[in-house]
Amino acid sequence: MFVIDQIILLGALLIVLGILSSKISARLGLPVLVLFLLVGMLAGEDGPGGIKFDNAQIAHALGSLALAIILFDGGLQTPLKSIKQVWKPASVLATLGVAVTSAVTGLAAAYILDVPLYYGLLIGAIVGSTDAAAVFSLLRNAGIHINARLKATLEIESATNDPMAIFLTVGLLEIMVNQLEPGTGLLMLFVQQMGLGSVVGLAVGWLAVRVINKIELTTSGLYPVMVLAFGLLSFGVAANLGGSGFLAIFIAGVVIGNSNFVFQRTTFLFHDGLAWMGQITMFVVLGLLINPSTLLDVWWQGLLIAVALTFVARPLAVVPVLKLFGFNSREITLVSWVGLRGSVPIILAIYPLIYGLPNAPLIFSAVFFVVLVSATVQGSTLPWVARRLGLTEAPPVTPAATLEITALGDVDAEIVEYTLGEQCRAAGRRLSQTALPEGTVVAMITRGTKVIPPRGSTQLLAGDHLFIVTKPDVRGFIDQVLSGRAESAQALADGELRLKGYTKVEDVQHSYGIDLQLPAGLSLDDALRQALPGQPELGSKALCGQVELQVCEMVGARISTVAVWPLPAAAAEA
């Protein structure tokens with residue numbers, strides 16, 4: 001038997017155990033990352049598995065690759081509107097917040113472990129960032145639902161604060177080992193890491209969308225792989241230029257995920273599974289790397305460092321920042337508590353081993369213990385804390401099925417999903433009464449677990465999911481009908497509204513708030529025929545109430561499409 005055969009067998013068994021452990025994590029009340037770590041520890045040299053693994057270089061390589069994939073998936077699933085909403089507090093927490101957390105924790109670690117200040121600050125830098133994999137896993141997969149602003153702040157902070165922690169760790173190691181200048185040298189390293197990471201991420205993300213939509217691959221399964229390749233390209237280019245590869249791959253993911261590209265939903269599902277694979281691999285390998293017996297040597301010091309980090313350093317970093325940006329005390333408390341440590345600190349704790357720093361094993365064991373305490377205590381109590389603070393919300397309703405367009409290069413259209421609310425104009429009305437813009441097609445309706453055929457007679461109910469095939473330039477009108485109650489003054493703010501000729505006057509009034517001052521039962525076709533002196537022709541116009549109707553298309557003598565325009569200024573004054 002070849003060695004690779006044994007490695008494949010062991011790898012498969014560990015992955016299967018990791019997946020099965022994720023199934024029971026909710027019942028045990030433990031985050032999945034803790035269970036993955038335990039699987040690795042039990043399979044290790046001190047556990048029943050007896051697998052000897054002590055190669056820090058391989059663990060670092062696998063951990064970095066897995067973390068890059070997890071961050072890329074996080075970027076793909078992060079809406080741009082969430083970033084716009086919270087980028088200021090999240091970015092301050094991801095930079096200044098990490099620095100404050102690291103400094104306070106580092107001072108405490110130096111005193112508790114009785115080591116030189118630089119060693120303490122190094123430990124503080126290593127555990128200074130919250131873990132994206134842990135936060136994404138809890139907020140997206142553990143059934144915890146909080147308001148969008150708070151969730152976006154936690155996710156974006158955790159996804160963007162790793163580069164700061166890596167910068168501080170590498171910077172301190174360079175100072176301790178290679179005598180880097182603490183002042184200007186450290187500042188230049190920061191600018192280089194953040195600046196190059198951001199630029200490369202934006203550039204590769206922009207390039208990826210254009211290449212993916214232009215190229216015509218013979219196999220659809222290659223599109224998700226190509227997206228992954230561009231993500232890893234952004235990481236590799238940034239890292240080799242001296243920038244932050246982790247920041248670059250997250251930004252590239254955000255750019256790609258917020259663009260329209262072929263096989264988009266398939267790509268998201270592929271990367272979600274890949275991110276889970278990365279989590280399992282990373283935590284199991286890191287669990288294999290530690291000998292549980294060494295944790296007993298630092299358990300009380302690690303516990304004290306974890307207490308200082310959780311109850312002193314994290315609140316000192318979070319409270320002033322979030323107060324400044326208008327968060328209330330309950331939200332600030334939750335953000336302070338969701339300072340989960342995970343894979344990143346353990347991966348960074350490998351750096352002193354690679355650098356050959358004295359006391360590196362002590363640092364690794366202490367950091368590992370801090371991560372176990374943080375993930376176990378904070379992760380398992382997060383749902384309880386959120387409920388006690390009154391910040392939990394009802395889970396969003398999800399559709400029973402989804403659709404996607406797989407050839408954006410040839411189709412000037414997009415599929416948009418709407419969930420009808422109680423106050424939606426379309427709720428309680430038949431589909432034929434919604435007066436959707438001409439050329440808009442309701443492709444599918446889901447209600448609970450059922451798929452409803454979209455017919456004109458179909459009655460729409462609050463909670464229904466509608467999948468609309470439409471052109472981007474009429475999204476504003478569809479939003480007014482299916483998302484909320486726009487005032488009539490805003491109804492035509494998005495430009496020309498084209499409706500079918502058989503659309504009823506009352507449906508235009510109800511859907512858009514436009515008063516045509518005509519009998520409710522008339523169709524737009526009938527309204528134009530009554531208003532025009534002769535036979536209607538293409539381009540014929542007539543004033544009706546506060547708008548102007550225009551014949552756009554005809555089929556024989558029938559008016560098939562009517563354009564609704566705001567009343568010209570001169571006519572309005574008259």
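**Exercise 1: a glutamate**

Work out whether glutamate 157 is buried or exposed. Solution: glutamate 157 has a relative accessibility of 1%, so it counts as buried (buried is under 20% relative accessible area, exposed over 50%, partly exposed in between, with a 1.4 Å probe and protein chains only). Then list its neighbours: leaving out residues up to four places away in sequence, glutamate 157 touches Ala90, Leu93, Ala94, Thr130, Ala152 and Arg314 (contact means heavy atoms within 4.5 Å).

A word on the ground rules: this is a predicted model, where local features need pLDDT of at least 70 and side-chain atom pairs count only at pLDDT 80 or more, while totals for chains, interfaces and linings use all residues. Residues are numbered from 1 along each chain as its sequence is written, and side-chain values use heavy atoms, with hydrogens and water left out.

**Exercise 2: the whole protein**

Solution: start with the elements, and you get 21 helices and eight strands. Burial comes next: of the 574 residues, 51% are buried. Finish with the contacts: among those between residues at least 6 apart in sequence, 72% join residues at least 24 apart.

Terms used:
Helices (H or I, at least four residues) and strands (E, at least two) are DSSP runs, numbered from the N terminus.
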